[in-house]
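Please study the structure shown below before working through the exercises. Each task is followed by a solution in steps.

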Amino acid sequence: MLQPWLAGWLAGWLAGWLAGWLAGWLAGWLRKHPGSEIICRDRAGSYADGARTGAPNAVQVADRFHLWQNLGTAVERSVRRHSNCLKTTAGRADGLPNDAVADHADAEKGMSPIEVRIRERHATVHALLAQGHGIREIARELHLGGNTVRRTARAAALEELLSGRHQHRSSHLDPYKPHLDKRWAEGVTNALHLHAELQNLGYRGSYQTISNYLRPRRRRIRVVAPAPPGVRQVTGWMMRHPEHLGDEERRQFTTDLAQCPELTALHGHVRTFAEILTTRSGQHLKDWITATRDEDLPGLHTFATGLGKDWDAVVQGLTTCWNSGPVEGRVSHIKMIKRQMFGRAKLSLLRKRVLLTARRPSTQPVANR
């Protein structure tokens, strides 16, 4: 097994070698096919180097779709950095009072990490179930095993998971538990008094056994807040056009933004960049970069730095009509054909299908970039 430092070094070396090989291959292909005037590409540095070497007089254009995709990566990184704001707003999404959220935090004090994790998992799973999500969908979203989610969903009360009912062991307290339950319902919660009562009824066990039996009830969370929106979910809301959000999504998104000034500023910068991209007004890009520098958004700072390193191609992409939409649409069509034929035919039939569909432009999908 390789050491971590050696594996990291090999991965970096391999990535650098592949980038250099790709740049050299592209430069060689362009030399063999001279006459390229405009090269529309994605943001990979190897393509930029290869195009610059093989066709130095060609104008390079950064594709708008890939610019938007790179911005989405930066937005997701920024949202993840402020994900604590999402957890805070989840406790107030349905009008829960602030002291309920504080009680929830106080209840977690003194718990073991395992108990805290079980409580959070139980609350999240049942909140998602109440919203209509299925077991498989919840397992996928929370990165949990299906059996774990299923067992949590079957536990109507949290105590079923904390007390280990599925592995019940006999105890000297078992004959007296109905009495304890009755007294607890009547409002008698002092374990010392209950221990004295049980001793009068013949109980010879310890006080600690009674205390352990009552502990989950003392820590019961009476108000379960809805599950907070995930980082990718909030990123998707931020990257979509506001008119394409549903009423519930818009309400939740507005609540999240109101509790986090950084996310509010991030959303404003995303909408401004979207306007620059759709109207091809790249002359305002420098002002946009200057505005992002004033915010505490390292993810956007990294994205803006990358734009500066590829400035000429980015400006061309945001001011001209050139884009890779037709090519990307054609590539997606070829991938669809390949997946339809996977394990059913050989390369010769795939080649024929690709060539035949290429001769019928009316059947080609339209790439909406």
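This is a predicted model: local features need pLDDT of at least 70, side-chain atom pairs count only at pLDDT 80 or more; totals for chains, interfaces and linings use all residues.

Residues are numbered from 1 along each chain as its sequence is written, and side-chain values use heavy atoms, with hydrogens and water left out.

**Exercise 1.** Determine what kind of aromatic pair Tyr176 and Tyr203 form.

Step 1. Rings of Phe, Tyr and Trp (its six-membered ring) pair if their centres lie within 6.5 Å; planes under 30 degrees apart count as stacked, over 60 as edge-to-face and the rest as tilted. By this rule there are five aromatic pairs.

Step 2. The centres of Tyr176 and Tyr203 are 5.5 Å apart and the planes stand at 75°, so the pair is edge-to-face.

Step 3. Tyr176 lies in the loop between helix H9 (159–162) and helix H10 (177–185), and Tyr203 in the loop between helix H11 (191–200) and helix H12 (207–218), so the pair ties together parts that are 27 residues apart in sequence. Helices are DSSP runs (H or I, at least four residues), numbered from the N terminus.

Step 4. Both Tyr176 and Tyr203 are buried, meaning under 20% relative accessible area, while exposed is over 50% and partly exposed in between (1.4 Å probe, protein chains only).

**Exercise 2.** State the phi of His143 and of Arg280.

Step 1. Most residues other than glycine have a negative phi.

Step 2. His143 has a positive phi, near 60°, and is exposed at 72% relative accessibility.

Step 3. Arg280 has a positive phi, near 50°, and is partly exposed at 35% relative accessibility.

Definitions and conventions: Helices (H or I, at least four residues) and strands (E, at least two) are DSSP runs, numbered from the N terminus.
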